[in-house]
Every structure is written in structure tokens, then in C-alpha cells.
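Reader: I have a structure to learn from. Please take me through it in short steps.
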Amino acid sequence: WIEPQVPLLVPVPRDYSFPSGHTLVSFESAVCMWCFDRRWGAPALVLAGLIGFSRMYLFVHFPTDILGGLVLGITNGWLAARYLRQGTD
């Protein structure tokens, strides 16, 4: 929609794009998984990275949207894991 010559693979987004919700939620869950079990967390982090990349590849988000989702997702995932660990101690 910014550059009309570039054909988009998905419809033009109609809402705000910051932060990327897909990236945020995928990194939240992946970091939380990493904190509890690294065997599951490592592939989840790879998948979260691929999800973030796909958002830029499809021209749905700008790089800053992805970066914002990544930072918030890592922070929220770590805080959630810390909170959940307090309940088990």
C-alpha cells in the first residue's frame, strides 16, 4: 500500500500495526517455555523468529513493529515465567 508496484500476498491491513501481535504472542509463549523446559523452548524460539520474519515478508508490518513485539514478548514471557515459578516455590 506504500509502494503500489509491489504486489501483496495478503490484504492491506486496516488497523494499527505497532506492535506486531503475532510476534508478541509467539515470543511470550516461547520465552515462557524456554524458562521451564529448554528442549521445548529452543524450537519454540525458532518458530517465533520465523513468525516475526513472516510478518515482514508479507509486508504486514514494518521492522519496528516486529522489534516492538519481540521486546514486549520477551519481557512479558520472562515476567510470566517468574510469576509462575513463585507459585510453585
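Author: Start with one term: a contact means heavy atoms within 4.5 Å. This is a predicted model, where local features need pLDDT of at least 70 and side-chain atom pairs count only at pLDDT 80 or more, while totals for chains, interfaces and linings use all residues. Residues are numbered from 1 along each chain as its sequence is written, and side-chain values use heavy atoms, with hydrogens and water left out.

Reader: Which residues does glycine 52 touch, not counting residues up to four places away in sequence?

Author: Glycine 52 sits in helix H2, residues 38–57. Helices are DSSP runs of H or I with at least four residues, strands are runs of E with at least two, and both are numbered from the N terminus. Leaving out residues up to four places away in sequence, glycine 52 touches Thr23 and Ile66.

Reader: Is glycine 52 buried or exposed?

Author: Buried means under 20% relative accessible area, exposed means over 50%, and partly exposed is in between, with a 1.4 Å probe and protein chains only. Glycine 52 has a relative accessible area of 4%, so it counts as buried.

Reader: How far apart in space are glycine 52 and serine 20, C-alpha to C-alpha?

Author: Serine 20 is in the segment before H1. In sequence, glycine 52 and serine 20 are 32 residues apart. In space, C-alpha to C-alpha, the two are separated by 8.0 Å.

Reader: Which residues does serine 20 touch, not counting residues up to four places away in sequence?

Author: Serine 20 has a relative accessible area of 0%, so it is buried. Beyond four places away in sequence, the residues that serine 20 touches are Arg55, His61, Asp65, Ile66 and Gly69.

Reader: In what order do the elements of the protein run from the N terminus?

Author: The protein has three helices and zero strands. From the N terminus on, the order is α-α-α.

Reader: How far apart are the end C-alpha atoms of helix H1?

Author: Helix H1 covers residues 21–36, which is 16 residues. The expected span is 1.5 Å times one less than the number of residues.

Reader: Is cysteine 32 buried or exposed?

Author: Cysteine 32 is among the residues of H1 on the buried list, together with Phe27 and Val31. Its relative accessibility is 16%, so cysteine 32 counts as buried.

Reader: Which residue meets arginine 39 in a salt bridge?

Author: A salt bridge is a side-chain nitrogen of Lys or Arg within 4 Å of a carboxyl oxygen of Asp or Glu. The count is one salt bridge. Arginine 39 is exposed, because its relative accessibility is 68%. At 3.4 Å, N to O, its partner is aspartate 37.

Reader: What percentage of the 89 residues in the protein do buried residues make up?

Author: Serine 20 is buried. Glycine 52 is buried too. Across the 89 residues of the protein, the buried share is 27%.
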